[in-house]
Amino acid sequence: PLATLVALVLVLGFAVASQGFPVRKLELNDNGVWVTNDAQAVYGRLNKAASSIDGYLNPPGQARANYDLDIFQDASAVVARDVSGGRMIPLDTASVVNLVDGAVTVSPDSVVDMRGGTVATLNPTTGEIRATRSVSTSAVDLTLLDDTTKPIATLTKSAAESGASAALAVGADGVVHAVSRTGNRIDITPAGNGFAKPVSSD
C-alpha cells in the first residue's frame, strides 16, 4: 500500500539524516567481522588479517531443523540473534563465547537495529519500542530489550490497523527512529548511558 511505502521511505530518510551516516566505517576493534551460516547453524568471527574464521559458535539451546541467524556488530560490541528461536544473545568477543545468562526473548517478527552505541527493537504488531545503550567495552546488557520488559515508547495505531505496520532504524548517532503506517513518528535520543524522553509527532 502507498501508506506503507511512504512510512518506510520516511524512516530511511530519518536514518540517512542522522549525523555521520553518509560514510559508515566499520571499526574492527576485535580485528574481525562476524558472519552467519544458517545451513550449519553457526556464527563466527572472520579474521580479515588471516583471511580465515578464527572462532565460531552455535546458538544456545536444542538443535533445530531450520535456523535464521543474524549478527549485529557495532565496533567491539557484538550481539547474535536467533530469529526463529526468538532470542538475542550477547557475545564475549575476546573469548568467543555465548553469554547465555544475558540472552533475552525477542519476537521473531521484531525489527532490530544496532548502531552508534544503541541497540533497539520494534514489535511492528504492537508498536512497542525497546532500546539499550552499548557504550561500554564489556558485553552488551540486553535486559531492557526482553519482550517482558516495559517498552521505552509505543507507536500509536488506528483502531482499523492490524498486523505488522511499523518500521525502525537507528542512526549512526545512536538515535532511534520509528514510524507507524499511520504516520506516528517517535525519535529517541541517547543521553549518557540511557535515553532522553521520547519525542512523538504525527
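User: What does the secondary structure of the chain come to?

Analyst: In this predicted model, the secondary structure of the chain comes to one helix and 18 strands.

User: What share of the contacts joins residues at least 24 apart?

Analyst: That share is 47%, taken among contacts in the chain between residues at least 6 apart in sequence.

User: Let's go to β2. Is that strand mostly covered or mostly open?

Analyst: Strand β2, residues 42-47, is mostly covered, with five of its six residues buried.

User: Which strands does β2 pair with, and over how many bridges?

Analyst: Strand β1, residues 32-37, is joined to β2 by six bridges and runs antiparallel to it, and strand β3, residues 52-57, is joined to β2 by five bridges, again in the antiparallel sense.

User: Where does Arg45 sit in that, and what are its partners?

Analyst: Arg45 is in β2 and stands opposite Trp34, and in β3 the bridge partner of Arg45 is Gly55.

User: What about the turn between β1 and β2?

Analyst: The hairpin of β1 and β2 has four residues between the strands, and Ala41 takes a positive phi near 55° there. Ala41 is not a glycine, although it has this positive phi.

User: Is Ala41 buried or exposed, and why?

Analyst: Ala41 counts as buried because its relative accessibility is 11%, and the cut-off for buried is under 20%.

User: Which other alanine in a loop has a positive phi near 55°?

Analyst: Ala75, a residue other than glycine, has a positive phi near 55°, and it lies in the loop between β4 (69-74) and β5 (77-82). The hairpin of β4 and β5 has two residues between the strands.

User: How well covered is β5 itself?

Analyst: β5 is mostly covered, and six of its six residues are buried. Both of its faces are covered: Ala77, Val79 and Arg81 are buried on one side, and Val78, Ala80 and Asp82 are buried on the other.

User: So what pairs with β5?

Analyst: β4 and β5 pair in the antiparallel sense over six bridges, and four bridges join β5 to strand β6, residues 87-92, which also runs antiparallel to β5.

User: Which residues are bridge partners of Ala80 in those pairings?

Analyst: Ala80 in β5 is the bridge partner of Ile71, and in β6 the bridge partner of Ala80 is Ile89.

User: What happens in the turn between β5 and β6?

Analyst: β5 and β6 form a hairpin with four residues between them, and Gly86 in that turn has a positive phi of about 70°.

User: Switching to the surface, which residues make a nonpolar patch?

Analyst: Val35, Leu46, Ile53 and Tyr56 make a nonpolar surface patch of about 360 Å². Leu46 has its place in strand β2, and it counts as partly exposed because its relative accessibility is 31%.

User: Now the open sheets. What is the order in the one with β9?

Analyst: Four strands form that open sheet in the order β9-β10-β11-β12, with antiparallel pairing. Its edge strands are β9 (111-115) and β12 (153-154), each of which pairs on one side only.

User: How many bridges hold β9 and β10, and what is opposite Met114?

Analyst: β9 and strand β10, residues 118-122, pair over five bridges in the antiparallel sense, and Met114 stands opposite Val119 in β10.

User: And what is the order in the open sheet with β13?

Analyst: That open sheet of four strands has the order β13-β14-β15-β18 and antiparallel pairing. Its edge strands are β13 (166-170) and β18 (199-201), each pairing on one side only, and the twist averages 15° from one strand to the next.

User: What joins β15 to β18?

Analyst: Three bridges join strand β15, residues 185-188, to β18, and the two run antiparallel, with Arg185 standing opposite Ser201 in β18.

Note on methods
Residues numbered from 1 in each chain as written. Predicted model: local features only at pLDDT ≥ 70, side-chain atom pairs only at ≥ 80, totals over all residues. Heavy atoms only, no water. Buried < 20%, exposed > 50% of the residue type's maximum accessible area, 1.4 Å probe, protein only. Pairing = 2+ DSSP bridges. Axes fitted to C-alpha atoms, helices over the stretch in contact; angles between N-to-C directions. Patch = residues over 30% accessible without salt bridge, like charges linked within 9 Å, V, L, I, M, F, W, Y side chains within 5 Å. Areas by Shrake-Rupley, 256 points an atom, 1.4 Å probe, with all protein chains shown as cover. Salt bridge = Lys/Arg side-chain N within 4 Å of Asp/Glu carboxyl O. Contact = heavy atoms within 4.5 Å.
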